[in-house]
Amino acid sequence: VVMGCKAAGASRIIAVDINKDKFAKARQLGATDCISPHDFKKPIQEVLIEMTGHGVDYSFEVIGHADTMTAALASCNMNTGVCVMVGVPASGSVISLDPMLLLSGRTWKGTLLG
């Protein structure tokens, strides 16, 4: 995802991972910021909104966890943000979310096999 964002011309790429050992590689590939949710007492979507002032333009969830899918959507700009689910959740997984996350203008997309 980082490489794709860089190739698309993104000026700021924020990599989020709980494994800080991945940050050096993420920076080599084009990430401008690397953060771990474990370093904050508040939800990561709130951190990202504060970092950007309005939420991210695009977010990508790549691990397939329902809670991170919801957080990725919530981290998007309220009016124009687009969240793409890349990670495949476990069979039978259910995602519960506040409908206002979508009614406010965000777009939620999924992709399977690229």
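Reader: What do helices and strands count as here?
Author: Helices and strands are DSSP runs: a helix is H or I with at least four residues, a strand is E with at least two, and the numbering starts from the N terminus. This is a predicted model.

Reader: Ok. Where does Pro 89 lie?
Author: Pro 89 lies in the loop between β4 and α5.

Reader: And what does Pro 89 touch, neighbours in sequence aside?
Author: Not counting residues up to four places away in sequence, Pro 89 touches Gly 64 and Met 69. The C-alpha atoms of Pro 89 and Met 69 are separated by 9.4 Å, and the two residues are 20 apart along the chain.

Reader: What does Ser 36 touch?
Author: Leaving out residues up to four places away in sequence, Ser 36 touches Asp 17, Ile 18, Lys 20 and Phe 23.

Reader: Gly 81, then. Where is its place?
Author: Gly 81 is in the loop between α4 and β4 (82-85). Gly 81 is buried, with a relative accessible area of 0%.

Reader: Which residues does Gly 81 touch?
Author: With residues up to four places away in sequence not counted, Gly 81 touches Val 56, Asp 57, Cys 76, Gly 105, Arg 106 and Thr 107.

Reader: On to helices. Which residues in α3 are buried?
Author: In α3, the buried residues are Ile 44, Val 47 and Leu 48.

Reader: Where do they fall, seen down the axis?
Author: The buried residues of α3 fall within an arc of 95 degrees, so they line one face of the helix. An α-helix has 3.6 residues a turn, so residues three or four places apart point the same way.

Reader: What covers the buried residues of α3?
Author: The cover includes β1, β2 (33-35) and α4. Just after α3 comes Gly 53, with a positive phi of about 90 degrees.

Reader: And α4, what's buried there?
Author: Met 69, Thr 70, Ala 71, Ala 72, Leu 73 and Ala 74 are buried in α4. The buried residues of α4 pack against α3, β3, β4, α5 (100-103) and β5 (107-110).

Reader: How many residues are in the largest nonpolar core?
Author: The largest nonpolar core has 8 residues: Val 2, Cys 5, Ile 13, Ala 15, Phe 23, Ala 26, Ala 31 and Cys 34. The elements giving two or more residues to this core are α1 and α2. Another core, of 7 residues, lies apart from it, with Val 56, Ala 74, Cys 83 and Leu 101 among them.

Reader: What is Cys 34 in contact with?
Author: Neighbours within four places in sequence aside, Cys 34 is in contact with Ala 15, Phe 23, Ala 26 and Arg 27.

Reader: Last topic. How much space lies in the largest pocket?
Author: The largest pocket holds about 1300 Å³ of space. It is lined by 38 residues, and the closest to its centre are Val 1, Ile 14, Ala 15, Val 16 and Phe 60.

Reader: What is that lining by class?
Author: The lining of the largest pocket has 24 nonpolar, 7 polar and 7 charged residues.

Note on methods:
Residues are numbered from 1 along each chain as its sequence is written. This is a predicted model: local features need pLDDT of at least 70, side-chain atom pairs count only at pLDDT 80 or more; totals for chains, interfaces and linings use all residues. Side-chain values use heavy atoms; hydrogens and water are left out. On a 1 Å grid over the protein atoms alone, a cavity is a set of points where a 1.4 Å probe fits but cannot get out, and a pocket is an open set with protein on both sides within 12 Å along at least five of seven lines; lining residues have an atom within 4 Å of a point. Grid points are joined across faces, edges and corners, and a volume is the space filled by probe spheres set on the points. Ala, Val, Leu, Ile, Met, Phe, Trp, Tyr, Cys and Pro count as nonpolar, Asp, Glu, Lys and Arg as charged, and the others, Gly among them, as polar. A nonpolar core is a set of buried Ala, Val, Leu, Ile, Met, Phe, Trp, Tyr and Cys residues joined through side-chain atoms within 4.5 Å. Buried means under 20% relative accessible area, exposed over 50%, partly exposed in between (1.4 Å probe, protein chains only). Contact means heavy atoms within 4.5 Å. The arc is that of the directions from the helix axis to the C-beta atoms.
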